[in-house]
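The following paragraphs lead through selected features of the structure shown below, from strand pairing to a helix and the nonpolar cores.

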Amino acid sequence: MIDTEILTEIQKMDLCSPPPEQEPARQYYFIRKLQSWMEEQRAEKGRMLTCHVKTFGCQMNARDSEKIIGILQTIGYQETDCEEADLVLYNTCTVRENANLKVYGRLGQLKRYKKKHPEMLTLLCGCMMQEPEVIEKIKTSYRNVDIIFGTHNIFKLAELMAMKLLDRPDSKKMIIDIWENTTEIVEELPNARKYSFKGGVNIMFGCNNFCSYCIVPYVRGRERSREPEDIIAEIRGMVSDGVVEIMLLGQNVNSYGKTLEHPISFAELLCRVEQIEGLKRIRFMTSHPKDLSDDLIEVMSKSTKICKHLHLPLQSGSSRLLGIMNRHYTKEQYLDLVRRIRQKNPDIALTTDIIVGFPGETEEDFADTMDVVEQVGYDSAFTFIYSKRTGTPAAAMEDQISEDVVKERFDRLLKRVQELAAERAGKYVGETVEVLVEERNGQDASLVTGRTSQNYLVHFPGDETLIGSVVSVKLVESKGFYYIGECVEG
């Protein structure tokens, strides 16, 4: 919801006058101008204009896309799954090279669509757009792109569209607006949640860790936290709108609040969020091991709303490689942290990220990773083959590992991770747990699908009336990565 004072200011605006400088009123000025343009387009074409937004990457990107879709819908666009739309926007990721290649492939396909529909508007945003070499390649090879913006100025979408559609509609010049960094956080813009009963909430942006393999600090910028009052207000608004589960999002949520004028810890923020009436579940990611405090462990152990699931990226079990990665913890410190977490939260599910084939990784280093996997017994793990990212220290390191060695290690790790995860999953058979029902089962319409507090998928008999509710389900059978259950409520 937009603030009442801002709304009053917008309503007083003369659309022929320059927009006000303050945000978000400035953006609502351009939204209003585009709404008028949209009415003309509908009358001329005899239909609503359509938009297609494709998201690549993480939960942060997914949340950004909800804001983008919210702005487009407010302007008057109708969302569609078809890429042959009036407006196509790719929200890009660049954590791994494969993500970039996917975008280039889609842009090539869009060239064909745009030849058939010259008025199609093509936009690119997200992390990939923060790389100068990417921008140069798009300028040279993909002239069908109309607007490019980055991670720091997503809120300017309507303004950039107005420049293209209203100020110079016949110009074929590409609009490029990339910011290197920002301290600005713009609140109160439209957003369109994917689910009515759950949603993500950004609590901070950027990252200060500079892990040697990671490009995120270069494309997302430095850490900046939202004010706790703004976060609480957003969540309260979501709960009043029917949301029962929220996911607090940040590149490193454990360092939340350090950049605020009046610092507050992530543990303290969680305590405030817990007090919101009507909210049933709290999730968060991602946690950096070096910043996970005993206070946070204590808060999680006493909470009745924080889900029993913690994503704790390991990346490598080798203390030597962890030092080169600039992770600021050792194998022993990570294992001690896991011990303390499980001591206070014995039912917690732990998941992780692991990189295989980091430059200089020896068989002894890999054996350390396998040892941590054995000792921790993760409930699941995202395993990645190291991807060289230009601009990061690791990309210039010698001793890059050969593909055949990396693949053999990756397959060995994946096999063992899956075996241990299946063993852990089986231990909950026979228990009755609370499940948030999320959707109809895609393969069997007589079943619905939901998640436990530990984030396990459960399929059980039910209909769409259960979607969005938390119900008690007995876990009857484990299938390794999901459960078959039966509802025990009347």
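Strand 15 (residues 432–440) and strand 18 (residues 470–478) form an antiparallel pair with 5 bridges, where two strands count as paired if DSSP finds at least two bridges between them. In this pairing, Thr-432 lies opposite Lys-474 of strand 18. Strand 15 also pairs in the antiparallel sense with strand 16 (residues 447–452), over 5 bridges; there, Arg-440 faces Val-448 of strand 16. A hairpin of 6 residues connects strand 15 to strand 16. Helices (H or I, at least four residues) and strands (E, at least two) are DSSP runs, numbered from the N terminus.

The model is predicted: local features need pLDDT of at least 70 and side-chain atom pairs count only at pLDDT 80 or more, while totals for chains, interfaces and linings use all residues. Residues are numbered from 1 along each chain as its sequence is written, and side-chain values use heavy atoms, with hydrogens and water left out.

In helix 5 (residues 132–141), Val-134, Ile-135 and Ile-138 are buried (under 20% relative accessible area, with exposed over 50% and partly exposed in between; 1.4 Å probe, protein chains only). These residues lie on the same side of helix 5 because they cover an arc of only 100° around the axis, taken from the directions from the helix axis to the C-beta atoms. Pro-132 and Thr-140, on the other side of helix 5, are exposed.

In the largest nonpolar core, of 67 residues, Ile-235, Ile-246, Leu-248 and Phe-266 touch the most other members; such a core is a set of buried Ala, Val, Leu, Ile, Met, Phe, Trp, Tyr and Cys residues joined through side-chain atoms within 4.5 Å. A second, separate core of 35 residues includes Cys-51, Tyr-77, Phe-155 and Ala-162.
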